[in-house]
Amino acid sequence: MPLLNAQKNALNLGSCLFGIPVYVHWSNLFLPLVALARDYPEPFISTFIVVLFGPALILMVLLHELGKVMVTRAYGGTVESIVLWPLGGLTVFGPQQGGASAELKIGIIGSFIHVPIIGILAGIYALLTGGDMSGFQVSSNASISRTMNGFAIGIVQQLYKLNVLIILSNLIIPTFPLDGGRIMGALFMKCGMATSTAAKITSS
């Protein structure tokens, strides 16, 4: 799978997380480029899009992978590298103990880490809006006023939606490299299925 070839298809950020090599997959470039290409918005909106789908989204995905790194190490496993891509990242694991139970926890923790992130975003949004949470909804439209405070409110509002999207896509879609594939594979193994068979099903 091309996504797994981090050195070829991603930008190397160095070993900036517990000595683990971190890469940013080239697909991260498509989100801001596609958004900008839709109607070539004015500079203020262009900056908003680049910040949202650039460093802000990459930070969310990095935190997503950090949760899996911590659980993997807790089970005596190793992490060879992390590839950050828009739907949650890809952590390349080495040998670990714990079997199917460990695999299940690793699959769940990546999405669970977004729950406290959403809580923090809600707190920041409340501070920025003076307690008005009416715009902090998945269904709410983006509303960006031409001020620094409005810019920050818009970023927090959209990061909330992106975190919800990452949670749903990783838990609902049962295929590798999304966490849903790892969770499904772990459940297959807990039911007695061979690891190789479970891996083949969830990666197809």
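1. The axes used here are lines fitted to C-alpha atoms, for helices over the stretch in contact, and the angles run from 0 to 180 degrees between N-to-C directions. The model is a predicted one, and on this basis helix α4 (residues 99–112) packs with helix α7 (residues 179–190) at an angle of about 155°, the two axes being 8 Å apart.

2. Since angles over 145 degrees count as roughly antiparallel, α4 and α7 are therefore roughly antiparallel to each other. The crossing in which α4 passes α7 is left-handed.

3. On the α4 side, the residues that meet α7 are Ala100, Ser101, Glu103, Leu104, Ile106, Gly107, Ile108, Gly110 and Ser111, while α7 contributes Asp179, Arg182, Ile183, Ala186, Leu187, Met189 and Lys190. Sorted by class, the contact of α4 with α7 has eight nonpolar, four polar and four charged residues.

4. Isoleucine 183, which is found in helix α7, has a relative accessibility of 14% and counts as buried, because buried means under 20% relative accessible area. Leaving aside residues up to four places away in sequence, isoleucine 183 touches Leu104, Gly107, Ile108 and Leu171. The C-alpha atom of isoleucine 183 is separated by 9.3 Å from that of threonine 202, a residue 19 residues apart from isoleucine 183 along the chain.

5. Turning to the aromatic side chains, the structure holds two aromatic pairs. In one of them, the rings of tyrosine 125 and phenylalanine 136 have centres 5.2 Å apart and planes at 45°, so this pair is tilted. The pair links distant parts of the chain, with tyrosine 125 in helix α5 (residues 114–129) and phenylalanine 136 in the loop between α5 and α6 (148–172), eleven residues apart.

6. How are the rings of phenylalanine 136 and tyrosine 160 arranged, and how far apart are their centres? This aromatic pair is stacked, with 4.2 Å from centre to centre and 25° between the planes. Phenylalanine 136 lies in the loop between α5 and α6 and tyrosine 160 in helix α6, so the pair ties together parts that are 24 residues apart in sequence.

7. Taken together, Tyr125, Phe136 and Tyr160 form one aromatic cluster. As to accessibility, tyrosine 125 counts as buried at 5% relative accessibility, phenylalanine 136 counts as buried at 11%, and tyrosine 160 is buried as well.

Technical notes: Residues are numbered from 1 along each chain as its sequence is written. This is a predicted model: local features need pLDDT of at least 70, side-chain atom pairs count only at pLDDT 80 or more; totals for chains, interfaces and linings use all residues. Side-chain values use heavy atoms; hydrogens and water are left out. Rings of Phe, Tyr and Trp (its six-membered ring) pair if their centres lie within 6.5 Å; planes under 30 degrees apart count as stacked, over 60 as edge-to-face and the rest as tilted. Helices (H or I, at least four residues) and strands (E, at least two) are DSSP runs, numbered from the N terminus. Buried means under 20% relative accessible area, exposed over 50%, partly exposed in between (1.4 Å probe, protein chains only). Angles under 35 degrees count as roughly parallel, over 145 as roughly antiparallel, 65 to 115 as roughly perpendicular and the rest as oblique. A crossing is left-handed if the near helix is turned anticlockwise from the far one by less than a right angle, and right-handed if clockwise. Contact means heavy atoms within 4.5 Å. Ala, Val, Leu, Ile, Met, Phe, Trp, Tyr, Cys and Pro count as nonpolar, Asp, Glu, Lys and Arg as charged, and the others, Gly among them, as polar.
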